[in-house]
Amino acid sequence: PLDLMEETEEAEKVFVVFPPETVSKILFKKYVDPNTHELLEALEKIVTIHQDPKKAKQYNDIIIKIGTQIAYLYKQKYITKEKIMSLRFLFRRICSSISNAFRILHVQPFTESTADRIGIIFEKFSVDACRLVRPFLSDDAVAQLSNFLAYVGSRSFLCYCFEHPEDFKPVVYTFAFYLNMQ
């Protein structure tokens, strides 16, 4: 995981009351499109096999909680569309890199160096995403987000995913869908 405490600027914390966790799951289902639900289900399945069911549920809960909080902050205009869009470039690079590697998988095997290149993009995305939410979320929530992104961007996880293309296919298809969105 990235050491996010080394930033030079310390953002001022804003006090925002978030909905309870049970409400978070309901709101998450309301605000998130079906493709993203499919993506999370596929990731949970892969993490269950790669690590264990408990860790998969923990990561899924973290994403639901933080995703709901970000949607809430956006809806309440604490986070602007411009700030969200600033992450779009790196997210699209992740989607593109994974989609392209998957597309040519039958011709060129996925390598550790490819995983490392994608991992570097995940690291940059993680730093920017954590910087965006740090003024609004607890240090623990920011650390959980950073740890999750470090895990899904790790060489071990990416290589595992590409070794199991049938399980990984829904993730890749969702990334391809995101690339085609405006």
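A residue counts as exposed when its relative accessible area is over 50%, and as buried when that area is under 20%. The model used here is predicted.

**Exercise 1.** Decide whether lysine 77 is buried or exposed.

*Solution.* 
- Locate the residue: lysine 77 sits in the loop between H3 and H4.
- Read its relative accessible area, which is 68%.
- Compare with the cut-off: exposed means over 50%. Lysine 77 is therefore exposed.
- Check the backbone too. Lysine 77 is not a glycine, yet its phi is positive, at about 65°.

**Exercise 2.** Work out how H4 and H5 run relative to each other.

*Solution.* 
- Take the two helices: H4 covers residues 81-103 and H5 covers residues 112-133.
- Their axes lie 10 Å apart, and the packing angle is about 165°.
- Angles over 145 degrees count as roughly antiparallel. H4 and H5 are therefore roughly antiparallel.
- The handedness of their crossing is left-handed.
- List the contact. H4 contributes residues including Leu87, Phe91, Ile94 and Ile98, while H5 contributes residues including Ile118, Phe122, Phe125 and Ala129.
- Sort the contact by class: 13 residues are nonpolar, two are polar and four are charged.

**Exercise 3.** Check the length of H6, then find which of its residues are buried.

*Solution.* 
- H6 spans residues 139-152, which is 14 residues.
- At 1.5 Å a residue, H6 should span 20 Å.
- The end C-alpha atoms of H6 are 20 Å apart, so the two values agree.
- The buried residues of H6 are Ala141, Val142, Leu145, Ser146, Phe148, Leu149, Tyr151 and Val152.
- Their cover includes H2, H3, H5 and H7.

Conventions
Residues numbered from 1 in each chain as written. Predicted model: local features only at pLDDT ≥ 70, side-chain atom pairs only at ≥ 80, totals over all residues. Heavy atoms only, no water. Axes fitted to C-alpha atoms, helices over the stretch in contact; angles between N-to-C directions. Helix = DSSP H or I, 4+ residues; strand = E, 2+ residues; numbered from the N terminus. Parallel < 35°, antiparallel > 145°, perpendicular 65-115°, else oblique. Left-handed = near helix turned anticlockwise from the far one by under 90°. Contact = heavy atoms within 4.5 Å. Nonpolar A, V, L, I, M, F, W, Y, C, P; charged D, E, K, R; others polar. Expected span 1.5 Å × (residues − 1). Buried < 20%, exposed > 50% of the residue type's maximum accessible area, 1.4 Å probe, protein only.
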